[in-house]
Every structure is written in C-alpha cells, then in structure tokens.
Amino acid sequence: MCPALAERSSDIVLPAIGTPFEGGILAAATAMFDGRTRVIITADKSAGGELGCFAWATDYRSVPGAKSFTDSMANTAALDGEQFPAAQACRAYRAGGFDNWCLPSLVDQEAVRLNLCPIWTEIPAFKTGGEQAYEDACYWTSTQSQFGQNYAWRQDFGSGGSDHWGKDNDYRVRPVRILFI
C-alpha cells in the first residue's frame, strides 16, 4: 500500500518550478479551495527517477479504485500487485529519503507536462537534451480510462496530447510525490 499524502507546515516557502525540493524537483503547485497548496514533485532524473518503460497492467480487468483523474496516491494504492508494473515501479522508487512516490494521475501528469514539457519549458534542465528533460514520448498515468477496462490514460510529452491506450503497452514512467502545504 502507498503511504498517505504528506502534510507539511504552511510555513514552507516553495522554490521556483524546476528547482530541487523535497526529494525531487518541484513540478507544479496549485491553490486549493481550503487554503492549502497542492504540490507535485517529480522524480529527479539524476537520482534514477526516469524508471523506463512498463506496461500499466498485464491483464485487462477493471480496477475501480484507479479511476480518479486527480488522486495519484489513491490510484497507485489501488494498483497493488505485480500485475501492475508501472505503479509497482513507482511504489518501489526511493529517493531523497522518501518512500511515498506514486504514478501520477491524469491531471497531475498534465500539470507536470504544462510546466516541464521539453519543447516549451523555459527551464534549461528540462529543455530537450537537458539533464532533467522528459523524453519525447508517452508516459503512463495512474488513471484507468472511463471508456473501458482495457485502457488507461497516457500523456504525450512530445505532442502534448492525452489519450487512453491498451494497458499492456509499454510507456515511460516517472514517479511523483504529492504534498499539501
């Protein structure tokens, strides 16, 4: 099972997007209705955070707990077992002293792409060829498609599109951590 979301003091001052933070690199921050800030931290590529290519699942059964568009941690927790290679790789990842890495939900992966997509980011380390750059490829999300149990959502860091694809396809995986401050 995945650990619960991390709660941090509201005294924390966030660094700039693309800056090392809390065991990874700050990828996105969103103000919440309750006054907190939801923070997405992407894995540091230099710490092995670009995990490679994996299938989302080895079978096509429905996973009711992995249908959230926004809750990366709950989706990843529902993808418990070796039949879910992408989520399993994220749960096994350890960096910066943290063990609560997960496969990003569709909305979280989109937020990361909006800030760090190699073809348009202004952050040198994430530009094409940079030491932290995402590949010009598709990355899995933890969100199972609502259009059928055979599919899950992926995010293309080349063209920018999101679509659902067969769970047994191999796509790239880079974990995130989610914090609320």
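## Cysteines

A search of the whole structure, which is a predicted model, finds zero disulfides; a disulfide is a pair of cysteine sulfur atoms within 2.5 Å. Cys53 is in no disulfide, and the nearest cysteine sulfur, that of Cys138, is 10 Å away. Cys138 is likewise in no disulfide, its nearest cysteine sulfur being that of Cys53.

The burial of these residues is judged by relative accessible area: buried means under 20%, exposed over 50%, and partly exposed in between (1.4 Å probe, protein chains only). Cys53 has 42% relative accessibility and therefore counts as partly exposed. Cys138, at 11%, counts as buried.

## Basis of the values

In this predicted model, local features need pLDDT of at least 70 and side-chain atom pairs count only at pLDDT 80 or more, while totals for chains, interfaces and linings use all residues. Residues are numbered from 1 along each chain as its sequence is written, and side-chain values use heavy atoms, with hydrogens and water left out.

## Overall fold

The chain has three helices and 10 strands; helices (H or I, at least four residues) and strands (E, at least two) are DSSP runs, numbered from the N terminus. Along the sequence, their order is β-β-β-β-β-α-α-α-β-β-β-β-β. The chain is as compact as a globular protein of 181 residues, because its radius of gyration is 15 Å, close to the 16 Å given by the globule rule. This radius is taken over C-alpha atoms, and the rule is 2.2 Å times the number of residues to the power 0.38.

The C-alpha atoms fill a box of roughly 45 × 35 × 30 Å along the principal axes. Buried residues make up 51% of the 181 residues. Of the contacts (heavy atoms within 4.5 Å) with a separation of 6 or more, 64% join residues 24 or more positions apart.

## Asp156

Asp156 lies in strand E7 (residues 151-156). Asp156 is buried yet has no salt bridge, and the nearest side chain of opposite charge, Arg154, is 5.7 Å away. A salt bridge is a side-chain nitrogen of Lys or Arg within 4 Å of a carboxyl oxygen of Asp or Glu; Lys and Arg count as positive and Asp and Glu as negative, with His and the chain ends not counted.

A polar atom of the Asp156 side chain lies 2.6 Å from the backbone nitrogen of Gly158. Beyond its neighbours within four places in sequence, Asp156 is in contact with Arg113, Ala137, Cys138 and Gly161.

## Tyr93

Tyr93 lies in the loop between helix H2 (85-92) and helix H3 (106-116). With 6% relative accessibility, Tyr93 counts as buried.

Terms used:
A polar contact is a pair of N or O atoms within 3.5 Å; within protein, one must be able to donate a hydrogen and the other to accept it, and residues adjacent in sequence count only if both atoms are side-chain atoms.
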